[in-house]
Amino acid sequence: MTLAELSIKRPVSTIMLFVSLVVVGLIAAVRLPLELMPEASAPFLFVSLPYPGSTPEEVERNVLRPAEEAVGTMSGIKSIRGRANADGAQLMVFFSDWSRDVAITASDARQRIDAARDQFPDDFQRYFIWKFSTSDQSSMTIRLASKSSDLSTQADRIDRDFKRQLERLPGVARVEVEGLPEQDVEIALHPDRLTASGVALNELVNRLQSANFAVSAGEIEDNGMRLRVQPIGELRDLQQLRNMPVNAKGI
């Protein structure tokens, strides 16, 4: 008996079969997610350890080696590649198992580095761990341009008016701003002038740190009101930095 003969002899069963296929297709069309690319995670981690103001030799000895020793105790590692420069260290950790859960692996690596924090320098602040996934690729790119002003000096405005507004949209996981330099102040020291003025380097560093701070000092309750106390000593412009005394003599 052929399929055509079976369909003619059992029309109700044939109709119900096609109706079931249509219903399943409609459910699949509504419930299946739409993605640009299938989600896949590559079995490697990238660890960034910023430590500016040093030398590559010191970064390798004090930052890179403790991080390699901490991460190297993880199981399933295929190879580790490290690099040190004057701004910090970078680690690439490759694993042999493609079915490995990279999210759990990244959490494990973070715990091992945190356990070895006492081996890093005292002024080492924080590190970053990135994992690669096809779902992390950007779905939209927006280019900002202006003929009347220089956007390289508008980092705060772009972060406030564009980046934060886009992050509040439903469904947006992350917004990254690229091609915009960070607004930092670099202080270049002349050792001969420091010596001639009698200014010690440690004293100058401590004075700069104490003149630029913002901390929380707790709360004060007064007449049923709770007031938050926050001493602020941040430098607002370059002129404040130029007029700041660098020692007890007022230089």
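Q: Is leucine 166 buried, partly exposed or exposed, and why does it count that way?
A: In this predicted model, leucine 166 counts as partly exposed because its relative accessibility is 31%, a value that falls between the 20% cut-off for buried and the 50% cut-off for exposed.

Q: Where does leucine 166 sit?
A: Leucine 166 is placed in helix H5, which covers residues 155–167.

Q: Which residues make the nonpolar surface patch with Leu166?
A: Together with Leu166, the residues Met140, Ile142, Leu144, Phe162, Leu169 and Val172 make a nonpolar surface patch of about 620 Å².

Q: OK, now the inside: which residues of the largest nonpolar core touch the most other members?
A: That core has 22 residues, and those touching the most other members are Leu45, Leu49, Val63, Ile113, Phe120, Phe124 and Ile129. At least two core residues each are supplied by strand S1 (41–50), helix H3 (56–71), strand S3 (88–95) and helix H4 (102–115), and the largest share, 5 residues, comes from H3. As a general background point, nonpolar side chains in soluble globular proteins tend to be buried together.

Q: What is isoleucine 113 in contact with, leaving aside its neighbours within four places in sequence?
A: With those neighbours left aside, isoleucine 113 is in contact with Val47, Ala70, Val71, Phe120, Tyr127 and Ile129.

Q: Switching topic, where is serine 96, and what does it touch beyond four places away in sequence?
A: Serine 96 is found in the loop between S3 and H4, and, not counting residues up to four places away in sequence, serine 96 touches Gly76 and Lys78.

Q: Buried or exposed, and why?
A: Serine 96 counts as exposed because its relative accessibility is 51%, and the cut-off for exposed is over 50%.

Q: How far apart are serine 96 and isoleucine 8?
A: From C-alpha to C-alpha, serine 96 and isoleucine 8 are 56 Å apart in space, while in sequence they are 88 residues apart.

Q: Last topic: how many bridges join S5 to S6, and which way do the strands run?
A: Strand S5 (residues 219–222) and strand S6 (residues 225–228) run antiparallel and are joined by 4 bridges. One of the pairings involves glutamate 219, whose bridge partner in S6 is arginine 228.

Q: And what phi does asparagine 223 take in that hairpin?
A: The hairpin of S5 and S6 has 2 residues between the strands, and there asparagine 223 takes a positive phi near 55°, a positive value in a residue other than glycine.

Q: Is asparagine 223 buried or exposed?
A: Asparagine 223, which lies in the loop between S5 and S6, counts as exposed because its relative accessibility is 74%.

Note on methods:
Residues numbered from 1 in each chain as written. Predicted model: local features only at pLDDT ≥ 70, side-chain atom pairs only at ≥ 80, totals over all residues. Heavy atoms only, no water. Core = buried A, V, L, I, M, F, W, Y, C linked by side-chain atoms within 4.5 Å. Buried < 20%, exposed > 50% of the residue type's maximum accessible area, 1.4 Å probe, protein only. Contact = heavy atoms within 4.5 Å. Patch = residues over 30% accessible without salt bridge, like charges linked within 9 Å, V, L, I, M, F, W, Y side chains within 5 Å. Areas by Shrake-Rupley, 256 points an atom, 1.4 Å probe, with all protein chains shown as cover. Salt bridge = Lys/Arg side-chain N within 4 Å of Asp/Glu carboxyl O. Pairing = 2+ DSSP bridges.
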